[in-house]
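Let's take a walk through this protein together, one region at a time. Please keep the sequence and the 3D view open as you read.

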Amino acid sequence: LGSSFFKTVAAAPWSGRTCWDMPSGRRSWHRRSALSQVLLFLTAALLGPCFSKVVTRKLPEVPEQPDEPRNAAPELVQMSPTAAAWLRAARLTADAEPGADVHWIVAWEKTEAWWLRPVAHCSATLICLVAMLQKPQRLVKAASQIWKTPALPAREQNAQVQDEEAKQLEIEKEAKAEKVCKTLQRMELPFFATSARYEVKTTVGVVVSGNLREKALDRWEHSESILRERLEAEMGPVVLHLLRRSDVDDTMALNQQFELLVAQPSKTTEPAASLIMSGMTAAVALFCASSLGSSSTLQSLGAIIRPGFSHPIAAVFGLVIASELARSAVAKSHGVTLAPRAFLPSPQLGLLGALTAPETPCASRSASMAVAMSGPLTLALLSAALICVGSLHTGFDSTVNLHPASSAGVAWFMAALPVQCSVLTLAGAQGMLMASLSLLPQSPDGKAAWSCLLGRQKASKLGEAASYLYPSLGVLSSISAVSGVLGSESPLPMMMTLPMTWALLLVNASPAEPPPPLEEASEIPEIQRSLASFLLMASAFLALPLPLLLLFHS
């Protein structure tokens with residue numbers, strides 16, 4: 001449908017003429033054109049800040065066409081490559097440029113999040129259509145030529161554009177790495193570079209290997225300022241990170257155990273985009289939580305609450321908000337800016353917490369771990385307090401009936417709850433589960449904490465293994481429920497257990513990879529390391545989707 005539409009309107013050029021330039025006899029068209037310009041302004045104002053932050057991968061822009069007007073959309077330089085690709089495709093289509101359909105395909109493939117692709121496509125289509133409506137007589141001519149326009153070899157052109165883009169990107173990476181290496185090859189500097197490479201896996205920027213001068217680590221703040229001034233004189237604003245090498249052994253000298261990461265300054269999210277992102281995801285999670293006991297669809301997808309009972313929405317959302325406030329306070333104390341929060345809806349529990357990550361680097365590994373652990377730790381403490389209050393049977397709280405099979409597909413301690421459970425106990429157990437999920441190795445907070453303890457490379461491998469193991473345990477729990485081990489009244493949907501839902505949410509709602517700490521030379525205090533290790537192991541234990549007795553079932 002999209003290809004047919006753009007073939008139909010491809011002949012209409014971009015017009016700079018507004019409704020105020022038209023004859024006075026066409027008053028009805030004045031109103032339509034004025035409304036079109038209002039829609040164009042609102043869409044363009046929201047498209048840039050939203051798409052610039054919610055895309056999950058930063059890729060370079062498609063090279064500008066030499067015959068494009070120089071005054072067209074100058075704001076594309078400030079946008080992310082994904083948003084710029086969509087707007088460029090819309091502009092070229094409205095300009096009737098040849099090969100415009102290739103740019104639509106490139107923009108579609110650059111948008112990694114599948115749920116964002118149709119939204120971006122519709123927004124760019126609206127911008128293109130509004131631009132064409134400035135001269136509606138060209139639409140008739142375009143429609144008459146639809147069968148005469150030959151189909152372009154989209155796949156071949158798309159492959160050619162991507163190959164040229166990849167080659168240009170590799171050339172730019174090599175040139176940048178060579179320039180950084182030559183800049184740091186000075187005997188008077190506290191760090192002498194021996195080699196450099198452009199890294200895009202665990203970190204993004206130029207990674208420089210070399211030797212630290214004597215006593216450079218003891219006065220690293222002073223050494224970092226000297227190196228940064230030297231680099232900024234050649235390359236503009238940069239941020240320096242002192243990172244530990246992944247191949248460190250006991251025989252390696254101390255001044256060779258570190259490498260420099262030269263990265264661009266991080267860009268923070270605009271408040272409007274952050275508010276839109278948080279508001280939309282919170283509304284969806286609130287709808288799921290309020291419909292758990294009344295929606296037949298959610299019941300068929302594994303809701304733990306039986307029909308006719310209400311979910312403790314206020315208590316659960318209060319726990320999440322309190323934990324996020326604690327995280328914000330800790331991040332502010334360390335001078336760190338957080339990414340927009342995405343509240344996570346769930347057909348089983350209604351809400352699974354919120355995901356966020358630092359947008360600006362932390363000062364050290366200790367600060368990074370404090371920011372990552374503050375939210376889940378606050379959530380776990382408040383949830384434990386609710387469980388204690390609910391177990392006292394004060395009579396002030398109501399009860400809710402649970403599905404045993406659905407609870408087993410969530411976590412083993414959720415299956416241990418009684419069928420007729422206190423509302424406060426259920427809210428506390430759900431809060432404890434949300435804290436455990438956020439500290440799993442594949443989750444943003446858990447990955448950050450494990451990176452501080454084990455290193456980035458080992459933490460990445462651990463998270464990748466956990467991302468496969470955890471859903472597999474969810475499938476095993478559903479098989480156990482179907483086989484009657486749990487005495488379930490109805491089969492549990494195999495693909496709708498909580499591990500499957502959590503894996504889907506992490507793929508589509510995880511924030512961008514946070515920048516590494518500014519320095520990894522300072523050691524984490526032993527108390528903080530021990531507490532973090534205990535909490536991470538306990539979280540993995542509590543998040544198991546199987547009752548413990550099933551692990552020993554014959």
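A residue is called buried under 20% relative accessible area, exposed over 50%, and partly exposed in between, using a 1.4 Å probe and protein chains only. This is a predicted model, in which local features need pLDDT of at least 70 and side-chain atom pairs count only at pLDDT 80 or more, while totals for chains, interfaces and linings use all residues. Residues are numbered from 1 along each chain as its sequence is written, and side-chain values use heavy atoms, with hydrogens and water left out. Helices (H or I, at least four residues) and strands (E, at least two) are DSSP runs numbered from the N terminus.

Let's begin with charged pairs. A salt bridge here is a side-chain nitrogen of Lys or Arg within 4 Å of a carboxyl oxygen of Asp or Glu, and the whole structure holds 10 of them. In one, Glu-178 meets Lys-182 with an N to O distance of 3.2 Å. These two are about one helical turn from each other, because they sit four residues apart in helix H7 (residues 154–183). Glu-178 is partly exposed at 45% relative accessible area, and Lys-182 is partly exposed at 49%.

Now look at helix H11 (residues 313–333), where Arg-327 and Glu-324 lie three residues apart, about one turn of the helix. Their side chains form a salt bridge of 3.3 Å, N to O. Arg-327 is buried, at 3% relative accessibility, and Glu-324 is buried at 7%.

A further salt bridge, at 3.4 Å from N to O, links Glu-523 with Arg-365. Glu-523 belongs to the loop between helix H18 (498–509) and H19, and Arg-365 to helix H12, so this pair ties together parts 158 residues apart in sequence. Glu-523 is exposed at 53%, whereas Arg-365 is buried at 9%.

Next, turn to the loop between strand S2 (205–212) and H8, where you will find Lys-215. Its phi is positive, near 65°, although Lys-215 is not a glycine. Most residues other than glycine have a negative phi. Lys-215 is exposed, with a relative accessible area of 56%.

How far apart are the end C-alpha atoms of helix H8? They are 21 Å apart, which agrees with the 22 Å that its 16 residues (220–235) should span at 1.5 Å a residue; the expected span is 1.5 Å times one less than the number of residues. Trp-220, Ser-223, Glu-224, Leu-227 and Leu-231 are the buried residues of H8. Viewed down the axis of H8, they fall within an arc of 95°, so they line one face of the helix; the arc is taken from the directions from the helix axis to the C-beta atoms. On the other side of H8, Glu-221, Glu-229 and Ala-233 are exposed. After H8 comes Gly-236, with a positive phi near 90°.

Is strand S3 (residues 239–244) largely enclosed or open? Five of its six residues are buried, so S3 is largely enclosed by the rest of the structure. S3 runs antiparallel to strand S4 (residues 258–263), joined to it by six bridges; strands pair if DSSP finds at least two bridges between them. Across this pairing, Leu-240 stands opposite Val-262 in S4.
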